[in-house]
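Me: Can we walk through this fold quickly? Here it comes.
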Amino acid sequence: MNRSQCLGKVYLVGAGPGDPGLLTLKGKVLLEHADVVIYDALVSPEILAIVNPYAEKIDAGKRRGRHSLLQQETTQLLIEKAQNNAVVVRLKGGDPFIFGRGGEEIEDLVKAGVPVEVIPGVTSGIAAPAYEGIPLTHRNYSSSVTFVTGHEAYEKYRPQINWDAIARGSETIVIYMGIHNLTKIVAQLAAAGRSLDTPVALIRWGTRPDRETLVGTLGTIAQKVEETGFAAPAIAVIGNVVNLHGVLPAHQFFDKKSG
């Protein structure tokens, strides 16, 4: 396929972490004018409500244990839709290039000759802690932060994450998709010398009104998860900045009923 065979263009749009107020203006305009929107599981209903009512909406969500479409099927669908539609939006939770497989999708689209553009989004690793009053950097607590996935691709030859280096080299660690492997991750960080007293915050559905936060330490957090049934999707924040949770104000949502 070459570009002359494509009627339209594919836009990889970051939907942000959930709060519709964090969607970019450019992303909002594209959703309002889209002909087709292919969206992921973590895109909030409030964001989907912005989509052009006449647009075709396709759920391509991937969650642990449930895959609506395989990655190859999603890419092929984008290619097909671009042949007959002017504005095709691939709507991804957070930011397309932060553990969102956006890089893989855009590579395949470019190879297929499909015009494509990326619209960055606010990633949950930054927004969710901020809404809980947890600054990832602070002159008195942390001058370094590392973002890492706790769930690597199955097709990798072997795990590539060097937990030892991360434990020693970064004061704040933000882990995406880490709940399922939390016990193993904690053990590796502790083995690398990270104190079991290091504060940990788990944030589920960050930036949404129904968000939940579970606070503990490297030594207690796994047991707290088991006792409370705390589940994904959630991010983990590890480091002394977590001590500011409850000290700094958390985000307050406006209650329309009482307003």
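Reply: Two strands pair if DSSP finds at least two bridges between them. Strands (E, at least two residues) and helices (H or I, at least four) are DSSP runs, numbered from the N terminus. This is a predicted model: local features need pLDDT of at least 70, side-chain atom pairs count only at pLDDT 80 or more, and totals for chains, interfaces and linings use all residues. Residues are numbered from 1 along each chain as its sequence is written.

Me: OK. Which residue does Val200 stand opposite in β12?
Reply: Ile238. Strands β10 (residues 199-204) and β12 (residues 234-238) run antiparallel, joined by five bridges.

Me: What is the strand order in the open sheet of five strands?
Reply: β8-β9-β12-β10-β11, with mixed pairing. The edge strands, β8 (145-149) and β11 (212-217), each pair on one side only.

Me: Which strands does α5 touch?
Reply: β8, β9 (172-176), β10 and β12. Contact means heavy atoms within 4.5 Å. The direction of α5 makes about 75° with that of β12. Axes are lines fitted to C-alpha atoms, for helices over the stretch in contact; angles run from 0 to 180 degrees between N-to-C directions.

Me: And where does helix α8 lie?
Reply: Across β10 and β11. Helix α8 (residues 221-228) runs at about 140° to β11.

Conventions: Side-chain values use heavy atoms; hydrogens and water are left out.
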